[in-house]
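Me: I'd like to learn to read helix packing and salt bridges in a model. Can we go through one together?

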Amino acid sequence: MVATETVSLRERATVALAGVSAESLVLAVAIPIIFIHVKYQPKFHIAAGSTKVGVELSDFAMLAVVIAALVAGVRRGFAPLRQGALLWTSAALFFVWIGIEIAIPLGSAGYPGARHTVTAAKFLEYALLAPAAVLLVRARAELQVLLVVFTAWSVVASGVGVAQFFGANIFVSGATGGRQPSFLGFHDFASLSTAMLLVAAATIALPRLGLDRRVAWVAAVAGVAGVVASAAIAAVVGIVVAAVALFGAAVLRRETDAVRLATAGLVIAVAVVGAVGMRNTDLGKYLGFLKHEKQQNVETYSHRTVLAYIGYRIWLDHPLAGVGWEASGDPSRFLHYVPIARRKFPDQPDLVFPSKQREYGVQNLYLQTLADLGAVGFLLLAAVFLSAAWLAARRIRTTIGVIALLWTLAVAGLWIAEGIVAGLPLDALTWLAFGLAARA
């Protein structure tokens, strides 16, 4: 009996890997390495002028993926890249503008140009995942393998998060019974879980996608558990927008089965209600903050509102080009606005406000882009997101098009609560989503 089961599993694996190139397996193997917080990765540092370059295991995984993509391009052709010309043009212009925004303040007092150049380089490194995905994910089987690996890693991450919720002192955990970071960090844990939740919902709602329903239900459990445990409200925003798009896809694809749509909606609703429920105390305190009630402690939403206000004021004074790449997080640029923020929010404790010892940053991609890169940079960033969404939406009748659109909308919401930080799993998910959109 055991031998028969072993043969059966071997046969299933052989069938599942039929039509899957060795190069695409490199991307699948790299996913668990890329989707783990850098603090848990082996690393070393290299001196680079006045700064140090941190080299983590994920950087070697990225290098392997890029090499595999080049090999795939040589063996199977680079023609698929043509489909994403609009995205590549938008992304190229965005990175050129980043280079200009490093060059303009370079050498000025209080601008650590070397450090910010390293960040930009790593940001560009992760952007290479987009063309790599186009060259490596060419068949449905290769997409299936990628989603299976994502699902398996999400199961592990959610398992750790649930264990932390019940008091397990593993990795860096949150308070017992509260939101948890797993081994990724709150928002990166939420991004992985959100991606799996949406894959599950799409598979349930749209049977003609052709994805494995057993894998989908595993992804649903892991995704719901992870979204609830991480309790990131920015993830909830992305999920809700993606859910609307999923319904639209069902209508366009003429797959409006009421039972399937209701089931998918229930899975999404459980995750959303659970995440909001985990944060209801914080939300209540935030409403009090908006009403200018006295706050004794630092609360997440009020803190982010103060930082967003500082970013907004920086942009008002530098509307066209901003203050330079990542400069909104430098004391030389933001200290001038701290007294203004204190007058705006007089009831907030001192710890809320940034200082030379507390370089919080803006912690919102869109506002930070306005503050750092100005209206020009913001429009270029918007062009990148919109071009990816457009490419995916044009191919909404394909499996990869649906996944790409849902992931693109989800990460757009997740970036509300994350500033420009290179090397995050959220970076990886964003550019993978864009790559799938270009490949759809």
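Me: Is Asp212 buried or exposed, or partly exposed?

Reply: First, the ground rules. This is a predicted model, where local features need pLDDT of at least 70 and side-chain atom pairs count only at pLDDT 80 or more, while totals for chains, interfaces and linings use all residues. Residues are numbered from 1 along each chain as its sequence is written, and side-chain values use heavy atoms, with hydrogens and water left out. Now the scale: buried means under 20% relative accessible area, exposed over 50%, partly exposed in between (1.4 Å probe, protein chains only). Asp212 has a relative accessible area of 27%, so it is partly exposed.

Me: Which residue does Asp212 meet in a salt bridge?

Reply: The general idea is that side chains of opposite charge can pair when their charged atoms come close. The cut-off: a side-chain nitrogen of Lys or Arg within 4 Å of a carboxyl oxygen of Asp or Glu. Asp212 pairs with Arg214, at 3.2 Å from N to O. Arg214 is exposed, at 62%.

Me: How many salt bridges does the rule give?

Reply: Nine. There is also a network to look at: salt bridges link Glu56, Asp59 and Lys122.

Me: Which parts of the chain does the Arg115 and Asp330 pair tie together?

Reply: The bridge itself spans 3.3 Å, N to O. Arg115 sits in helix α5 (residues 113-127) and Asp330 in the loop between α13 (300-317) and α14 (331-334), so the pair joins parts 215 residues apart in sequence. Helices here are DSSP runs (H or I, at least four residues), numbered from the N terminus. Asp330 is buried at 2%, and Arg115 is partly exposed at 39%.

Me: Where do Glu142 and Arg76 lie?

Reply: Their side chains form a salt bridge of 3.3 Å, N to O. Glu142 is in helix α7 and Arg76 in helix α3 (residues 57-76), 66 residues apart. Glu142 is buried at 3%. Arg76 is partly exposed at 33%.

Me: What is the crossing angle of α7 and α8?

Reply: Two packed helices are described by the angle between their axes and the distance between the axes. Axes are lines fitted to C-alpha atoms over the stretch in contact, with angles from 0 to 180 degrees between N-to-C directions. Helix α7 (residues 140-165) and helix α8 (residues 186-205) have axes that come within 10 Å and cross at roughly 130°. That makes α7 oblique to α8 (under 35 degrees is roughly parallel, over 145 roughly antiparallel, 65 to 115 roughly perpendicular, the rest oblique).

Me: Which residues of α8 make the contact?

Reply: Contact means heavy atoms within 4.5 Å. On α8, Phe189, Leu192, Ser193, Met196 and Val199 take part. Residues of α7 include Leu147, Phe150 and Trp153.

Definitions and conventions: Helices (H or I, at least four residues) and strands (E, at least two) are DSSP runs, numbered from the N terminus.
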